Amino acid sequence: MKVFIENPNLLIKEFNEVAQIAQKKTFITIGIEIQKEEIENIKNYNQKLSKLKQDFVHRELENEANLIYCIENSLLTIQYELQMLVNIKEDRMSEAWGNLVNAQVIYGNVVSNSVFEIESEKGYLKRLENYENLLFPHLFFQSAGGIIKKSHCSICKEKSGKCKHLKGKLYNGELCCRIITEMELEEISYVENPANKHCRVLTITKNGKEIDIMTLREKEIKKQE
Amino acid sequence: MNYNIKEYNLEDNFKKLNLKLPNKISFFPENIETANNKEDFIFTESIIELNKYFEIENLKLDLFGGDSELYRSRKNADIYLPTIFFSLTAISQNPELISVSLNIVSSFLYDTLKGQIGKKTANIEFHFESKEKGKMKKINYKGDAEGLKSLEKIITKAMK
(Lines give C-alpha, C1' and ligand atoms only; values in the text may rest on other atoms or scores of the structure.)
Protein backbone atom coordinates (compact mmCIF):
# COMPACT_ATOMS: atom_id res chain seq x y z
CA MET A 1 0.00 0.00 0.00
CA LYS A 2 3.06 2.28 0.03
CA VAL A 3 2.14 3.62 -3.41
CA PHE A 4 -0.91 5.34 -1.83
CA ILE A 5 1.29 7.55 0.31
CA GLU A 6 2.51 9.18 -2.89
CA ASN A 7 -0.87 9.20 -4.60
CA PRO A 8 -4.06 9.00 -2.44
CA ASN A 9 -6.20 9.13 -5.63
CA LEU A 10 -5.13 5.57 -6.36
CA LEU A 11 -6.47 4.60 -2.97
CA ILE A 12 -9.88 6.12 -3.76
CA LYS A 13 -9.90 4.16 -7.03
CA GLU A 14 -9.07 0.93 -5.22
CA PHE A 15 -11.70 1.64 -2.53
CA ASN A 16 -14.38 2.13 -5.20
CA GLU A 17 -13.48 -1.25 -6.70
CA VAL A 18 -13.46 -3.06 -3.32
CA ALA A 19 -16.77 -1.43 -2.31
CA GLN A 20 -18.39 -2.27 -5.64
CA ILE A 21 -17.45 -5.96 -5.35
CA ALA A 22 -18.72 -6.12 -1.75
CA GLN A 23 -21.98 -4.30 -2.50
CA LYS A 24 -22.85 -6.84 -5.19
CA LYS A 25 -23.14 -9.33 -2.33
CA THR A 26 -25.43 -7.24 -0.10
CA PHE A 27 -28.64 -8.91 -1.26
CA ILE A 28 -30.69 -11.41 0.69
CA THR A 29 -30.56 -13.91 -2.22
CA ILE A 30 -26.76 -14.18 -2.25
CA GLY A 31 -25.32 -17.39 -0.77
CA ILE A 32 -24.55 -17.12 2.94
CA GLU A 33 -21.06 -18.63 2.47
CA ILE A 34 -20.27 -15.98 -0.19
CA GLN A 35 -21.42 -13.22 2.16
CA LYS A 36 -19.33 -14.66 5.02
CA GLU A 37 -16.30 -14.78 2.75
CA GLU A 38 -16.84 -11.14 1.75
CA ILE A 39 -17.02 -10.13 5.42
CA GLU A 40 -13.56 -11.69 5.89
CA ASN A 41 -12.25 -9.94 2.75
CA ILE A 42 -13.35 -6.56 4.12
CA LYS A 43 -11.83 -7.30 7.54
CA ASN A 44 -8.50 -8.15 5.93
CA TYR A 45 -8.55 -5.09 3.68
CA ASN A 46 -9.43 -2.83 6.61
CA GLN A 47 -6.49 -4.22 8.59
CA LYS A 48 -4.17 -3.05 5.81
CA LEU A 49 -5.91 0.32 5.74
CA SER A 50 -5.44 0.66 9.48
CA LYS A 51 -1.67 0.28 9.11
CA LEU A 52 -1.67 2.80 6.27
CA LYS A 53 -3.59 5.26 8.46
CA GLN A 54 -1.02 4.90 11.21
CA ASP A 55 1.64 5.75 8.65
CA PHE A 56 -0.24 8.91 7.59
CA VAL A 57 -0.77 9.89 11.23
CA HIS A 58 2.95 9.38 11.89
CA ARG A 59 3.78 11.63 8.93
CA GLU A 60 1.25 14.21 10.21
CA LEU A 61 -0.74 14.03 6.98
CA GLU A 62 -4.11 14.84 8.56
CA ASN A 63 -6.25 15.03 5.39
CA GLU A 64 -4.94 11.67 4.20
CA ALA A 65 -5.50 10.08 7.64
CA ASN A 66 -9.08 11.43 7.62
CA LEU A 67 -9.59 10.04 4.13
CA ILE A 68 -8.54 6.59 5.34
CA TYR A 69 -10.97 6.90 8.27
CA CYS A 70 -13.81 7.54 5.80
CA ILE A 71 -12.78 4.68 3.48
CA GLU A 72 -12.26 2.25 6.36
CA ASN A 73 -15.63 3.10 7.89
CA SER A 74 -17.51 3.04 4.59
CA LEU A 75 -16.27 -0.54 4.13
CA LEU A 76 -17.07 -1.32 7.76
CA THR A 77 -20.64 -0.20 7.04
CA ILE A 78 -20.87 -2.71 4.17
CA GLN A 79 -19.37 -5.34 6.50
CA TYR A 80 -22.14 -4.67 9.07
CA GLU A 81 -24.76 -4.72 6.31
CA LEU A 82 -23.52 -8.15 5.16
CA GLN A 83 -23.37 -9.35 8.76
CA MET A 84 -27.00 -8.28 9.24
CA LEU A 85 -28.07 -10.34 6.21
CA VAL A 86 -26.10 -13.35 7.48
CA ASN A 87 -27.70 -12.95 10.94
CA ILE A 88 -31.20 -12.94 9.43
CA LYS A 89 -30.47 -16.14 7.51
CA GLU A 90 -29.14 -17.72 10.71
CA ASP A 91 -32.28 -16.65 12.64
CA ARG A 92 -30.30 -14.28 14.87
CA MET A 93 -32.65 -11.32 14.71
CA SER A 94 -31.40 -9.36 17.69
CA GLU A 95 -27.83 -9.41 16.33
CA ALA A 96 -29.18 -8.46 12.88
CA TRP A 97 -30.78 -5.35 14.36
CA GLY A 98 -27.57 -4.49 16.23
CA ASN A 99 -25.53 -4.74 13.04
CA LEU A 100 -27.98 -2.58 11.09
CA VAL A 101 -27.79 0.12 13.77
CA ASN A 102 -23.97 -0.08 13.71
CA ALA A 103 -24.05 0.38 9.93
CA GLN A 104 -26.35 3.42 10.20
CA VAL A 105 -24.28 5.11 12.91
CA ILE A 106 -20.89 4.47 11.31
CA TYR A 107 -22.00 5.61 7.87
CA GLY A 108 -23.60 8.68 9.46
CA ASN A 109 -20.18 9.64 10.82
CA VAL A 110 -18.65 9.23 7.36
CA VAL A 111 -21.33 11.39 5.72
CA SER A 112 -21.09 14.10 8.37
CA ASN A 113 -17.35 14.38 7.69
CA SER A 114 -17.67 14.56 3.91
CA VAL A 115 -16.72 17.91 2.50
CA PHE A 116 -19.15 17.60 -0.39
CA GLU A 117 -22.74 16.44 -0.45
CA ILE A 118 -22.73 13.34 -2.64
CA GLU A 119 -25.99 11.93 -3.96
CA SER A 120 -24.80 8.30 -3.58
CA GLU A 121 -24.24 8.93 0.15
CA LYS A 122 -27.87 9.95 0.60
CA GLY A 123 -28.94 6.91 -1.44
CA TYR A 124 -26.97 4.52 0.74
CA LEU A 125 -28.30 6.12 3.95
CA LYS A 126 -31.81 5.68 2.52
CA ARG A 127 -31.04 2.02 1.82
CA LEU A 128 -30.00 1.55 5.47
CA GLU A 129 -33.20 3.30 6.58
CA ASN A 130 -35.32 1.13 4.26
CA TYR A 131 -33.92 -2.07 5.83
CA GLU A 132 -35.20 -0.82 9.16
CA ASN A 133 -38.71 -0.24 7.84
CA LEU A 134 -39.01 -3.33 5.63
CA LEU A 135 -37.23 -6.06 7.58
CA PHE A 136 -37.94 -5.24 11.21
CA PRO A 137 -41.15 -4.76 13.21
CA HIS A 138 -42.10 -1.46 14.79
CA LEU A 139 -39.84 -1.17 17.82
CA PHE A 140 -39.97 0.90 20.98
CA PHE A 141 -36.92 2.46 22.51
CA GLN A 142 -35.67 3.90 25.76
CA SER A 143 -33.86 7.16 26.20
CA ALA A 144 -31.88 8.27 29.22
CA GLY A 145 -31.49 11.85 30.36
CA GLY A 146 -29.31 13.32 33.06
CA ILE A 147 -26.82 15.89 34.25
CA ILE A 148 -23.29 15.55 32.96
CA LYS A 149 -20.97 16.47 35.81
CA LYS A 150 -17.60 15.56 34.36
CA SER A 151 -16.63 15.06 30.73
CA HIS A 152 -13.65 15.58 28.47
CA CYS A 153 -12.61 15.65 24.83
CA SER A 154 -11.38 12.33 23.38
CA ILE A 155 -8.75 14.06 21.22
CA CYS A 156 -6.91 16.30 23.71
CA LYS A 157 -8.38 15.07 27.06
CA GLU A 158 -9.21 18.69 28.04
CA LYS A 159 -12.42 19.38 29.95
CA SER A 160 -15.42 19.70 27.61
CA GLY A 161 -15.69 23.20 26.19
CA LYS A 162 -12.06 24.09 26.92
CA CYS A 163 -10.66 23.05 23.53
CA LYS A 164 -11.45 23.75 19.90
CA HIS A 165 -12.18 20.17 18.81
CA LEU A 166 -15.73 19.61 17.56
CA LYS A 167 -17.61 16.49 18.60
CA GLY A 168 -18.29 14.24 15.60
CA LYS A 169 -15.48 15.70 13.46
CA LEU A 170 -12.26 14.00 12.40
CA TYR A 171 -8.83 14.98 13.67
CA ASN A 172 -5.81 13.11 12.31
CA GLY A 173 -7.92 10.10 11.39
CA GLU A 174 -9.72 9.98 14.74
CA LEU A 175 -13.36 10.80 15.49
CA CYS A 176 -13.80 13.39 18.24
CA CYS A 177 -16.14 12.21 21.00
CA ARG A 178 -17.18 13.51 24.40
CA ILE A 179 -16.13 11.11 27.14
CA ILE A 180 -18.54 11.38 30.06
CA THR A 181 -16.96 10.20 33.30
CA GLU A 182 -19.62 11.35 35.78
CA MET A 183 -23.33 11.69 35.20
CA GLU A 184 -26.41 11.88 37.39
CA LEU A 185 -29.32 9.97 35.89
CA GLU A 186 -32.55 12.02 35.89
CA GLU A 187 -34.98 10.01 33.81
CA ILE A 188 -35.53 7.10 31.47
CA SER A 189 -38.29 7.57 28.91
CA TYR A 190 -39.98 5.38 26.34
CA VAL A 191 -39.52 7.05 22.96
CA GLU A 192 -40.27 6.24 19.33
CA ASN A 193 -37.37 8.24 17.95
CA PRO A 194 -34.27 7.62 20.10
CA ALA A 195 -30.70 8.86 19.87
CA ASN A 196 -29.46 5.32 20.40
CA LYS A 197 -31.36 2.60 18.55
CA HIS A 198 -29.46 -0.14 20.42
CA CYS A 199 -31.44 0.89 23.48
CA ARG A 200 -34.67 -0.92 22.62
CA VAL A 201 -37.47 -2.74 24.41
CA LEU A 202 -36.57 -6.45 24.11
CA THR A 203 -39.63 -8.31 25.40
CA ILE A 204 -43.27 -7.82 26.34
CA THR A 205 -45.27 -9.85 28.84
CA LYS A 206 -48.52 -11.28 27.48
CA ASN A 207 -50.74 -13.75 29.33
CA GLY A 208 -47.92 -14.33 31.81
CA LYS A 209 -45.47 -15.19 29.04
CA GLU A 210 -42.39 -13.19 28.15
CA ILE A 211 -42.42 -12.63 24.39
CA ASP A 212 -39.41 -11.56 22.29
CA ILE A 213 -40.55 -8.47 20.33
CA MET A 214 -38.31 -9.25 17.38
CA THR A 215 -39.44 -12.89 16.81
CA LEU A 216 -42.73 -13.13 18.79
CA ARG A 217 -41.33 -16.32 20.29
CA GLU A 218 -41.73 -17.06 23.96
CA LYS A 219 -38.47 -16.28 25.68
CA GLU A 220 -36.79 -19.25 27.28
CA ILE A 221 -36.15 -18.67 30.94
CA LYS A 222 -32.90 -20.28 32.02
CA LYS A 223 -33.37 -22.31 35.15
CA GLN A 224 -30.77 -21.88 37.85
CA GLU A 225 -29.26 -25.17 38.90
CA MET B 1 -42.37 26.52 11.98
CA ASN B 2 -43.78 26.32 15.48
CA TYR B 3 -43.10 29.10 17.98
CA ASN B 4 -44.69 31.05 20.80
CA ILE B 5 -43.80 34.28 22.60
CA LYS B 6 -44.29 34.88 26.31
CA GLU B 7 -43.66 37.85 28.55
CA TYR B 8 -42.18 37.14 31.94
CA ASN B 9 -40.45 38.76 34.87
CA LEU B 10 -37.07 37.69 36.16
CA GLU B 11 -36.42 40.68 38.39
CA ASP B 12 -37.17 38.87 41.66
CA ASN B 13 -35.12 35.88 40.60
CA PHE B 14 -32.14 38.04 39.67
CA LYS B 15 -32.30 39.68 43.11
CA LYS B 16 -32.36 36.26 44.75
CA LEU B 17 -29.42 35.13 42.61
CA ASN B 18 -27.59 38.40 43.21
CA LEU B 19 -26.97 38.73 39.48
CA LYS B 20 -27.55 41.46 36.94
CA LEU B 21 -28.81 41.02 33.40
CA PRO B 22 -25.80 40.74 31.07
CA ASN B 23 -25.35 43.53 28.53
CA LYS B 24 -23.96 41.14 25.88
CA ILE B 25 -25.55 38.23 24.12
CA SER B 26 -25.16 35.22 26.42
CA PHE B 27 -26.29 31.69 27.12
CA PHE B 28 -28.90 31.30 29.85
CA PRO B 29 -29.13 28.15 31.96
CA GLU B 30 -32.19 25.93 31.52
CA ASN B 31 -33.26 26.54 35.11
CA ILE B 32 -32.86 30.33 35.26
CA GLU B 33 -36.43 30.74 36.53
CA THR B 34 -36.10 28.20 39.35
CA ALA B 35 -32.44 28.05 40.46
CA ASN B 36 -31.72 29.28 43.98
CA ASN B 37 -28.11 30.18 43.34
CA LYS B 38 -25.81 30.35 40.36
CA GLU B 39 -23.95 27.19 41.40
CA ASP B 40 -27.18 25.28 40.62
CA PHE B 41 -27.30 26.55 37.03
CA ILE B 42 -27.65 23.73 34.50
CA PHE B 43 -26.87 24.41 30.85
CA THR B 44 -27.97 22.42 27.81
CA GLU B 45 -25.25 19.99 26.68
CA SER B 46 -25.15 21.28 23.08
CA ILE B 47 -23.80 24.60 24.43
CA ILE B 48 -20.31 23.05 24.40
CA GLU B 49 -20.23 22.63 20.61
CA LEU B 50 -22.47 25.57 19.71
CA ASN B 51 -20.19 28.02 21.51
CA LYS B 52 -17.29 26.78 19.37
CA TYR B 53 -19.32 27.69 16.26
CA PHE B 54 -19.85 31.19 17.70
CA GLU B 55 -16.14 31.40 18.48
CA ILE B 56 -15.23 30.60 14.86
CA GLU B 57 -17.27 33.71 13.94
CA ASN B 58 -15.43 35.72 16.65
CA LEU B 59 -18.52 35.81 18.83
CA LYS B 60 -17.74 33.79 21.97
CA LEU B 61 -20.80 33.91 24.22
CA ASP B 62 -20.53 33.98 28.01
CA LEU B 63 -22.40 31.52 30.17
CA PHE B 64 -24.65 33.55 32.44
CA GLY B 65 -23.39 33.31 36.02
CA GLY B 66 -19.90 32.19 34.96
CA ASP B 67 -18.44 28.90 33.79
CA SER B 68 -20.30 25.71 34.56
CA GLU B 69 -19.58 22.04 34.45
CA LEU B 70 -23.20 20.96 34.73
CA TYR B 71 -24.81 20.12 31.42
CA ARG B 72 -28.18 18.46 30.86
CA SER B 73 -28.04 15.65 28.33
CA ARG B 74 -31.12 14.16 26.66
CA LYS B 75 -30.54 11.01 24.67
CA ASN B 76 -33.41 11.75 22.36
CA ALA B 77 -33.22 12.11 18.58
CA ASP B 78 -34.53 15.69 18.82
CA ILE B 79 -31.92 18.37 19.23
CA TYR B 80 -32.05 20.54 22.32
CA LEU B 81 -30.21 23.83 21.93
CA PRO B 82 -29.26 26.22 24.71
CA THR B 83 -31.22 29.32 25.58
CA ILE B 84 -29.72 32.45 24.03
CA PHE B 85 -30.23 35.87 25.59
CA PHE B 86 -30.13 39.05 23.46
CA SER B 87 -29.58 42.18 25.52
CA LEU B 88 -31.06 45.47 24.39
CA THR B 89 -27.62 47.16 24.60
CA ALA B 90 -25.96 44.56 22.37
CA ILE B 91 -28.71 44.71 19.74
CA SER B 92 -28.78 48.54 19.75
CA GLN B 93 -25.03 48.58 19.17
CA ASN B 94 -25.14 45.89 16.50
CA PRO B 95 -28.59 45.14 15.04
CA GLU B 96 -27.05 42.41 12.86
CA LEU B 97 -26.36 40.26 15.93
CA ILE B 98 -29.72 38.52 15.76
CA SER B 99 -29.37 37.39 12.15
CA VAL B 100 -25.68 36.46 12.63
CA SER B 101 -26.56 34.36 15.69
CA LEU B 102 -29.47 32.65 13.95
CA ASN B 103 -27.22 31.79 11.00
CA ILE B 104 -24.61 30.29 13.33
CA VAL B 105 -27.24 28.19 15.15
CA SER B 106 -28.65 27.14 11.80
CA SER B 107 -25.29 25.97 10.42
CA PHE B 108 -24.60 24.11 13.70
CA LEU B 109 -27.93 22.34 13.24
CA TYR B 110 -27.15 21.54 9.61
CA ASP B 111 -23.80 19.97 10.59
CA THR B 112 -25.32 18.08 13.51
CA LEU B 113 -28.09 16.59 11.40
CA LYS B 114 -25.87 15.68 8.43
CA GLY B 115 -25.72 11.90 8.03
CA GLN B 116 -28.57 11.19 10.44
CA ILE B 117 -31.55 9.06 9.53
CA GLY B 118 -35.14 10.20 10.10
CA LYS B 119 -36.78 13.54 10.80
CA LYS B 120 -35.26 15.55 13.63
CA THR B 121 -36.66 18.59 15.36
CA ALA B 122 -34.68 21.37 17.00
CA ASN B 123 -35.83 22.94 20.26
CA ILE B 124 -34.48 26.36 21.26
CA GLU B 125 -35.48 29.35 23.37
CA PHE B 126 -34.45 32.97 22.86
CA HIS B 127 -34.80 35.43 25.72
CA PHE B 128 -34.58 39.17 25.19
CA GLU B 129 -35.21 42.52 26.83
CA SER B 130 -38.10 44.48 25.50
CA LYS B 131 -37.77 48.27 25.06
CA GLU B 132 -40.38 48.62 27.77
CA LYS B 133 -38.29 48.92 30.94
CA GLY B 134 -38.02 45.79 33.07
CA LYS B 135 -39.94 43.62 30.64
CA MET B 136 -38.48 40.36 29.39
CA LYS B 137 -39.77 38.14 26.63
CA LYS B 138 -38.97 34.65 25.45
CA ILE B 139 -39.59 32.81 22.20
CA ASN B 140 -39.86 29.08 22.20
CA TYR B 141 -39.04 27.52 18.82
CA LYS B 142 -39.56 23.97 17.63
CA GLY B 143 -38.75 23.12 14.03
CA ASP B 144 -36.02 22.74 11.43
CA ALA B 145 -32.89 24.77 10.63
CA GLU B 146 -34.55 26.69 7.77
CA GLY B 147 -37.45 27.93 9.90
CA LEU B 148 -34.98 29.18 12.48
CA LYS B 149 -33.66 31.84 10.12
CA SER B 150 -37.11 33.37 9.75
CA LEU B 151 -37.23 34.08 13.50
CA GLU B 152 -35.12 37.22 12.99
CA LYS B 153 -38.09 39.45 12.06
CA ILE B 154 -40.20 37.99 14.86
CA ILE B 155 -37.53 38.66 17.52
CA THR B 156 -36.78 42.18 16.22
CA LYS B 157 -40.50 43.03 16.25
CA ALA B 158 -40.99 41.61 19.73
CA MET B 159 -38.08 43.65 21.14
CA LYS B 160 -39.82 46.91 20.18
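Me: How many salt bridges are there across the interface of chain A and chain B?
Reply: The rule finds 3, a salt bridge being a side-chain nitrogen of Lys or Arg within 4 Å of a carboxyl oxygen of Asp or Glu. This is a predicted model, where local features need pLDDT of at least 70, side-chain atom pairs count only at pLDDT 80 or more, and totals for chains, interfaces and linings use all residues. Residues are numbered from 1 along each chain as its sequence is written, and side-chain values use heavy atoms, with hydrogens and water left out.

Me: Which side chain does A:Glu186 meet in a salt bridge?
Reply: That of B:Arg72, at 2.7 Å, N to O.

Me: Which elements of chain A each supply at least two residues of the side that touches chain B?
Reply: α5 (93-112), α6 (119-135), β1 (141-153) and β4 (178-191). Helices (H or I, at least four residues) and strands (E, at least two) are DSSP runs, numbered from the N terminus.

Me: And which gives the most?
Reply: β1(A), with 8 residues.

Me: What does β1(A) pair with in chain B?
Reply: Strand β5 (residues 71-74), in the antiparallel sense over 4 bridges; strands pair if DSSP finds at least two bridges between them. A:Gly146 stands opposite B:Ser73 in that strand.

Me: Different topic. How many residues are in contact?
Reply: 35 residues of chain A with 24 of chain B, contact meaning heavy atoms within 4.5 Å.

Me: What area is buried between the chains?
Reply: About 2500 Å², of which carbon and sulfur atoms give 49%. Buried area is the accessible area (1.4 Å probe) that two parts lose on being put together, summed over both.

Conventions:
Chains lettered and ligands numbered in written order.
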